Amino acid sequence: IGLEAAGKLVVGVVHDPIRKETFSAAAGGGAWCNSTALHVTGCPDLSDALLSVGLPADMEKVPDALGCFERLSKSARSLRRMGSAALSLAYVAAGRLDGYWAHHVHPWDAAGGIVLVREAGGIATNFGSSEYSIDRRDLTASNGLIHDALQRSLQQGLR
């Protein structure tokens, strides 16, 4: 769940029923998993980073997705494909992942997680941007320390 007010994402909630974890954040109030405060990782280098990727179900919609996947699989320590944008973003906020990117994500899948990442000390933007807009379908989120390198690698993977 994500709430946008006055053009800004201000509240986010992601629930994982399997692990019985509820991730929550409100602008200026920090990010939490159940009653534990969340913080992004301190990983400073993309080469040491554990990343998650959101690939579209229809790869023909986003032909550059595999190029970016290939490039980052060579640049990062390891990649995961979790199948959930919301949970991937929650894991970035919780310090379980260093970064996440998606080529074709819907705003309702990402809005809540973006608030989590930001409140845990990370950054969430669109590809090649310093801001995030729910009107675009691409997304990059990270601990902040690897964000520029992740963005550069994605831009090089795009045609």
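In this predicted model, the 15 positive and 16 negative charges of the chain have mean positions that lie 3 Å apart. With that charge picture in place, the surface comes next. The accessible surface of the chain amounts to about 7,700 Å², and carbon and sulfur atoms contribute 51% of that area. Turning from the surface to the interior, 47% of the 159 residues of the chain count as buried.

The overall fold can be read along the chain. Four helices and 10 strands make up its secondary structure. Starting at the N terminus, the elements follow the order β-β-β-β-β-β-α-β-α-β-α-β-β-α. The radius of gyration is 14 Å, close to the 15 Å that the globule rule gives for 159 residues, so the chain is as compact as a globular protein of that length. Along the principal axes, the C-alpha atoms occupy a box of roughly 40 × 30 × 30 Å.

Strand 5 is joined by two bridges to strand 4 (residues 31-33), and the two run antiparallel. A closer look at the residues here shows C33 standing opposite T36 of strand 5.

N143 sits in the loop between strand 10 (139-142) and helix 4 (147-157). The surroundings of N143 can be described residue by residue. Once neighbours within four places in sequence are set aside, N143 is in contact with V40, T41, G42 and C43, as well as with V92, D98, G121 and G122. I123 provides a further reference point: N143 and I123 are 20 residues apart in sequence, while their C-alpha atoms are 6.3 Å apart in space.

Definitions and conventions. Residues numbered from 1 in each chain as written. Predicted model: local features only at pLDDT ≥ 70, side-chain atom pairs only at ≥ 80, totals over all residues. Heavy atoms only, no water. Rg over C-alpha atoms; globule rule 2.2 N^0.38 Å. Buried < 20%, exposed > 50% of the residue type's maximum accessible area, 1.4 Å probe, protein only. Areas by Shrake-Rupley, 256 points an atom, 1.4 Å probe, with all protein chains shown as cover. Lys, Arg positive; Asp, Glu negative; His and termini not counted. Charge placed at Lys NZ, Arg CZ, Asp CG, Glu CD. Pairing = 2+ DSSP bridges. Contact = heavy atoms within 4.5 Å.
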